Amino acid sequence: MRYTSERSTDPGLLVLTSLAEGPKHGYAITHDVEQLAGVRLGPGTLYGALARLESNGLIEALPAEDRRRPYRLTGKGSAALSEQLQALEYVARSGLARLRVAKALQ
Amino acid sequence: MTRRLAQLILLCYPLAFRRRYGEEMRALLDETPTRAATVLDLSRCALAAHLHPPASLADVVNIGDRLRASTSGVLACWVAFAAAGFGFYKTTEDSPYQSAGNSHLLLGGAHLTIQILAILASVAVLAGALPLSVLALHRARRQRSLRMLVSLPIAAVAVFAGLTGLLILVAHSQPSQHPSTAGGVAFIVWGLAGLACSAVCVLASRRALFAVPVARRWLLVAFACGALVTAAMAAMAIATAIYTIALSVDASALAAEPNGPLQATSVSVSLVLLLVVMILAGTLAATATRRGWRSVTQPDTSEAI
């Protein structure tokens, strides 16, 4: 059974992770997140997350290209993403270590 | 079909959200396959955008347009609420319910309260809409596109009135007094036609409101009436909840009777469903009113907006 925690599928975190690679517009973010995490963000969820992130100053919009508008990480967004990923990494490392200990004791 | 539905649901997003992200969202919808899940996702997120609007969008729309969006939002919610209210009236209009209301104070009191509030709210809707309608009609004499917009609700109401008259004629020509499947289907068709007519009226009046320059005082009058209507909706939803509970406790036999156009549910289930629609419409109206209130409390020097 595959278990996906809510934290690792948080749309905001996924969008920030996608933008860590460079500026992207809505379609490119959706496609990248699907490849990266196997999560298909609906248009409502995606733009809800983009609006929240932009409102908090974590991302900024670049000039529109036709009907699409690319977004990029701000310095604050980069720092917030790094902090979130380090917290997730700590949890992942601790969890794996505990599993190894439990397996050795069996 | 789902793509068209998804595009329509985009119209349910708050005005500021649509102005900022609408075009990008439409572009994304054009580029990706649209499924039922997409429609559900957009519906859920449109509601969330109304309940928790991002702070950065506060300055996207000017004060006049925010007041317009607030009043037309309350009007749309009132139409949905009134449809549920009509369902409540049809469910509880028969003499056994009146007798139960006479013998149980809570039932009779809640029913009377709903009726009084419905009349007050309807008067407030008319009072708020009248100055704006006069302005729109006056301007429509010179503006062809506006003439088209103001004639749409009139045409929709005329078609609906014609359909209602036709169904009344057919109903009177049937001798049976018992509910039949054909009668139930006819009622559903009539209800859907009423909703379509209401949707045309709301959308056309909203478009017209945004197309006409209106003095700030008239928008404030409409907003104040909208706030009254919102308060009345909240009070009516509470009274309906009291009525529903009281009916189940004091007149459980009536509450268990079959109900609905096809007699598919019980009276209590119908009332709970209607109450859910009322609460949803009331919550959205309260959100629109709160947003309008923020615009009112902001200083503005312009007269015509």
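Biologist: What makes the largest nonpolar core a core, and which residues touch the most other members?

Modeller: A nonpolar core is a set of buried Ala, Val, Leu, Ile, Met, Phe, Trp, Tyr and Cys residues joined through C-beta atoms within 7 Å, where buried means 20 or more other C-beta atoms within 10 Å of the residue's own, placed from the backbone (exposed is 12 or fewer, partly exposed in between). The largest such set has 53 residues, and Cys77(B), Trp78(B), Phe81(B), Val229(B) and Met233(B) touch the most other members. Elements giving two or more residues to it include H4 (63-92), H6 (105-140) and H9 (216-250) of chain B. H9(B) gives the largest share, 14 residues.

Biologist: How far can I trust this, and how is everything numbered?

Modeller: It's a predicted model, so local features need pLDDT of at least 70 and side-chain atom pairs count only at pLDDT 80 or more, while totals for chains, interfaces and linings use all residues. Residues are numbered from 1 along each chain as its sequence is written, with chains lettered from A and ligands numbered from 1 in the order in which they are written.

Biologist: Which residues is Trp78(B) in contact with, beyond its neighbours within four places in sequence?

Modeller: Contact means C-beta atoms, placed from the backbone, within 7 Å; by that test Trp78(B) meets Ala121(B), Val125(B), Val229(B) and Ala285(B). There's also a second, separate core of 35 residues, with Val15(A), Ile9(B), Met25(B) and Leu42(B) among them.

Biologist: How do you know at what angle H3(A) and H3(B) cross?

Modeller: Lines are fitted to C-alpha atoms, for helices over the stretch in contact, and angles run from 0 to 180 degrees between N-to-C directions. The axes of H3 (43-55) of chain A and H3 (36-51) of chain B come within 7 Å and cross at roughly 30°. Pro43(A) and Gly48(A) are among the H3(A) residues there, and Asp41(B) and Arg44(B) among those of H3(B).

Biologist: How many helices and strands does chain B have?

Modeller: Counting DSSP runs, numbered from the N terminus (helices H or I, at least four residues; strands E, at least two), chain B has 11 helices and 2 strands.

How values were computed: Contact = placed C-beta atoms within 7 Å.
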